[in-house]
Amino acid sequence: MTKNNLSELNRSIISRRTSAAAALSSQQSPRTKSPAPFLSKTYDLLEENEQESSPKGAHDDGKKIVSWNPQGNGFIVWSPAEFSELTLPRYFKHNNFSSFIRQLNTYGFKKTSSKQWEFKHEKFLKGSRDMLVEIGRKKCEPSIFPAYLKAANEDNAATSAEENDNLLALLEENNNLKRENLELQMQLAEFKALEIKLLDCVAQYMGSHHNKIKRLY
């Protein structure tokens, strides 16, 4: 067999192997990529709260806790306290609003308003659940939410401080009432003692007066 024949044979074998590998690869279905559970749960809670806020499923007081913004390119937490107490435990294993914000930061969400808790991500859009798979975790970078986390913690601290102040005021008022009650009891005892003395004086006077009348007759 000549060198030319060997070369052609080698090329034929390589070509067949390449074709077989390509065919095998085309038969294997690509692995479906799923969005992060945090993103899916956040999307679900917005969709479900949207349904609950509709005329058929509105809350009794008509108050929103969390919802998509009007443009559908972000969402707003209207009441962080109720969101932490009522919504977070339904979808996550905690009720910590600061922890929820840290998770948003991990996936590149941005707080876009200084007046309300509004968050946006270019690929987190109403009606575009399929885009969630394109949102990944950020690389380790300094947090972009320190001020807002601090604000949330300060709100909690302010609430706790106010509650402590109210408790101290109640305790002080209770002590004042106890002191006033004790003073009233002491005054009442003095009045009773004075009453007894007055009755004794009246009795002595009446007895003395009665004896004088007897002597006169």
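Is Ser113 buried or exposed? At 17% relative accessibility, Ser113 counts as buried, because buried means under 20% relative accessible area, exposed over 50%, and partly exposed in between (1.4 Å probe, protein chains only).

A quick word on what you're looking at. This is a predicted model, where local features need pLDDT of at least 70 and side-chain atom pairs count only at pLDDT 80 or more, while totals for chains, interfaces and linings use all residues. Residues are numbered from 1 along each chain as its sequence is written, and side-chain values use heavy atoms, with hydrogens and water left out.

Let's start with the sheet. It is an open one of 4 strands, in the order E1-E2-E4-E3, with antiparallel pairing. At its edges sit E1 (66-68) and E3, each pairing on one side only. Strands here are DSSP runs of E with at least two residues, helices are runs of H or I with at least four, and both are numbered from the N terminus. Two strands pair if DSSP finds at least two bridges between them. In general, strands of a sheet pair through backbone hydrogen bonds, either parallel or antiparallel.

Here are two of the pairings:

| E2 (residues 74-77) and E4 (residues 117-120) | 4 bridges | Phe75 and Phe119 |

The side chain of Ser113 reaches the backbone nitrogen of Lys115 at 3.2 Å. A polar atom of that Ser113 side chain also lies 3.4 Å from the backbone nitrogen of Gln116. Polar contacts are pairs of N or O atoms within 3.5 Å; within protein, one must be able to donate a hydrogen and the other to accept it, and residues adjacent in sequence count only if both atoms are side-chain atoms.

Now for the helices. Leu104 is found in helix H4 (residues 97-106), and with a relative accessible area of 0% Leu104 is buried. Leu104 and Leu39 are 65 residues apart in sequence, yet their C-alpha atoms are 8.7 Å apart in space.

Another leucine, Leu168, has its place in helix H5 (residues 146-216). Leu168 is exposed, with a relative accessible area of 53%.
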